[in-house]
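Okay, everyone, thanks for coming. Let me put the structure up and then walk you through a few of its helices.

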Amino acid sequence: MHQKKLASIQWQFVRQGALLAALATGAVFLAFYIIGAYLNQHPVQLQALMVYFHVPALVRVDGTFFFLLLLIALAVAVIVGIVVGYIVGNLLKKRLHILLEAGLNLQRGILSYRLPDLGDDELGMLALQTNGFAARWEEQVASLQRLSTHNAELGEQVRHAAVTEERQRLARELHDAVSQQLFAIAMTTAAIKRLIGKNPERAAQQIELVEEMAAAAQSEMRALLLHLRPATLQNKSLKEAVTELLDELTRKQVTGITWELGDLTGVPNGIEDHLFRILQEALSNALRHAKANMVTVKLFSFDGQVRLRVADDGVGFDPDSDKMTSYGLVSMKERVNEIGGSMEIYTAVGKGTQIEVRVPLVMEAHNKGGTVPV
């Protein structure tokens, strides 16, 4: 997304201060000029004014000197306005910068950031409201992550029951399919022994039949083994599962894949499972659609967050196109939202694609009784 360049509020104060000072000075001199012109045309009033103020004589100023005096006054006023505007604008800019930094930290998922005391005015009240909002958001994310971990534990129990049922199903299929095919191969092989000397042509036909039955049995075994592949992070850490996945893809894919995995200890199970699924989806999109020569994966913990970055040098796409709402990206965003994270997609046509996911480790901070460093 293109961000509009912000104008500096400090220089706005400088411009406004200089302008107001110049206008005020001009207005004062204009008033003096009008009064002077009026008094010059009415000497009686001028004499009465001199008597009233006990002034023996008023100094008469010619036009040239008056214009020079106006220029000097305007210059002094503009300089004073610039200095005052700069000082006032700088003080306000510093306070607003603190508020802006807080907003950026919240956007990046650093929910433990808190604003300092900014005074008793509207900005100070806004800082207090922002701190309260951040605290409530942090607690909600912590609750969401606890729920995600609880769901992961429940899912583990469901998977355990499913594994038992799957084993029973596989045992039935092995007996009904592969076992029967192997028995038929054994019987046909025994018949070949008897036919090979008496009827070579018939024996050759039986050998072809054995080859067909062996191929069928092999296909059946491949299908059964595919069901046995682990679909979750069961008995594996996130780092181990990611390494295994990337190793396997490197062996099977023409596209080059490089990765960098940092320390991922302390990441809750619910977050691990979602991150693994997000990585699978991101890699699938890169390998299927990007036409990339190289895919780079980075996964690490930093600044109280776990971060996942998947980048490729492929064809990219228009960020305003319908691809931003495709099923894969929508599914990834839903998973990121479920664990209280944020996801950003950087792409352009012909410039590749980078997906960056940030998930705050709020629950770990609460469990330790401290705060996440900022």
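The expected span here is 1.5 Å times one less than the number of residues. Helices are DSSP runs (H or I, at least four residues), strands too (E, at least two), numbered from the N terminus.

Quick caveat: this is a predicted model, where local features need pLDDT of at least 70, side-chain atom pairs count only at pLDDT 80 or more, and totals for chains, interfaces and linings use all residues. Residues are numbered from 1 along each chain as its sequence is written, and side-chain values use heavy atoms, with hydrogens and water left out.

Buried means under 20% relative accessible area, exposed over 50%, partly exposed in between (1.4 Å probe, protein chains only). On H7 the buried set includes Ile271, Leu275, Phe276 and Leu279. After H7 comes Lys291, with a positive phi near 55°.

Now H6, residues 238-252: its 15 residues reach 21 Å from first C-alpha to last, close to the expected 21 Å. Which residues of H6 are buried? Leu238, Ala241, Val242, Leu245, Leu246, Glu248 and Leu249. They cover an arc of only 160° around the axis, so they sit on the same side of H6; that arc is taken from the directions from the helix axis to the C-beta atoms. They pack against strand E1 (256-261), H7 (269-289) and strand E2 (294-302), with contact meaning heavy atoms within 4.5 Å.
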